[in-house]
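Dear colleague,

I am passing on the structure below, together with some notes on what I found in it. Please read them with the coordinates open beside you.

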Amino acid sequence: MRKVKPKFQNKTKQKKRDAILYRYFMTAIAIFVLYHLFIESHYFGSDYRYNLFVFWIPTLIGFFIALKFNLFQFDWKECISDVKKETNFFYKIFTIPFIILAHFVFAVIMFWMPSNIIWDALNKMESKNNKLEVFFIPVNQFSTSYKGADRIYFYFKNELESIPVPYQDIKPYLDKNPSNFKVEIDVRKGLWNHYVLESWDIR
């Protein structure tokens, strides 16, 4: 006769699996935040290849892996059955999309974040092989916020770009006409029409 595993054993295994997944999840977030704050380069530019190969393909792969292997140990049949029985209209409308969104967020964190770190490292390596270029660009706006999102906005290669700056660096310019100033940016060209920022100054 085939032995049937007690339900509590299955629940214990599921709890251990969930705990491991949670640790990996939180570790990935912590690594990405630290990398973004202290290591990631600041770059300008955009290219469909970044969106396709760095964001969408890794994210969709992660999304389908999460669904295929049911990483959240989610009972879809039971959920769909509950939704059909539910009388609350908003519960019916938002439950399934919310669950799908949760899987997508998981894929972004576990698959896009690592691919973005790899791409950023390759982008910096490529930029080191290229010459330094200097641009003097009219300032579009000096922006400050109580949330600390202080930035200098300008158009680079016909795209609106910005540089995060300390408040004390732009404080003298906040009550002045930004069109009277230019931002000097020293950049090196990296991958796929992206430029890595080396330094900047206001002129």
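Leaving aside neighbours within four places in sequence, Phe44 is in contact (heavy atoms within 4.5 Å) with Phe154, Phe156, Glu161, Ser162, Ile163, Ile185, Val187, Asn193, His194, Tyr195 and Leu197. This is a predicted model, in which local features need pLDDT of at least 70 and side-chain atom pairs count only at pLDDT 80 or more, while totals for chains, interfaces and linings use all residues. Residues are numbered from 1 along each chain as its sequence is written, and side-chain values use heavy atoms, with hydrogens and water left out.

Phe44 also belongs to the largest nonpolar core, where Phe44, Ile152, Phe154, Ile163 and Ile185 touch the most other members of a set of 17 residues. A nonpolar core here is a set of buried Ala, Val, Leu, Ile, Met, Phe, Trp, Tyr and Cys residues joined through side-chain atoms within 4.5 Å, where buried means under 20% relative accessible area, exposed over 50%, and partly exposed in between (1.4 Å probe, protein chains only). The elements that give two or more residues to this core are β2 (132-143), β3 (151-156), β5 (182-189) and β6 (195-202); helices (H or I, at least four residues) and strands (E, at least two) are DSSP runs, numbered from the N terminus. Apart from this core lies another, of 12 residues, among them Ala28, Met113, Ile117 and Trp119.

Strands count as paired if DSSP finds at least two bridges between them. β2 and β3 run antiparallel and are joined by four bridges, one of which pairs Phe142 with Ile152; β3 and β4 are likewise antiparallel, with six bridges, and Tyr155 has Leu160 as its bridge partner in β4.

In the hairpin of β3 and β4, which has two residues between the strands, Lys157 takes a positive phi near 55°, although Lys157 is not a glycine. Asn193, in the loop between β5 and β6, is also a residue other than glycine with a positive phi, near 65°, and Asn193 is partly exposed, with a relative accessible area of 39%.

With best wishes
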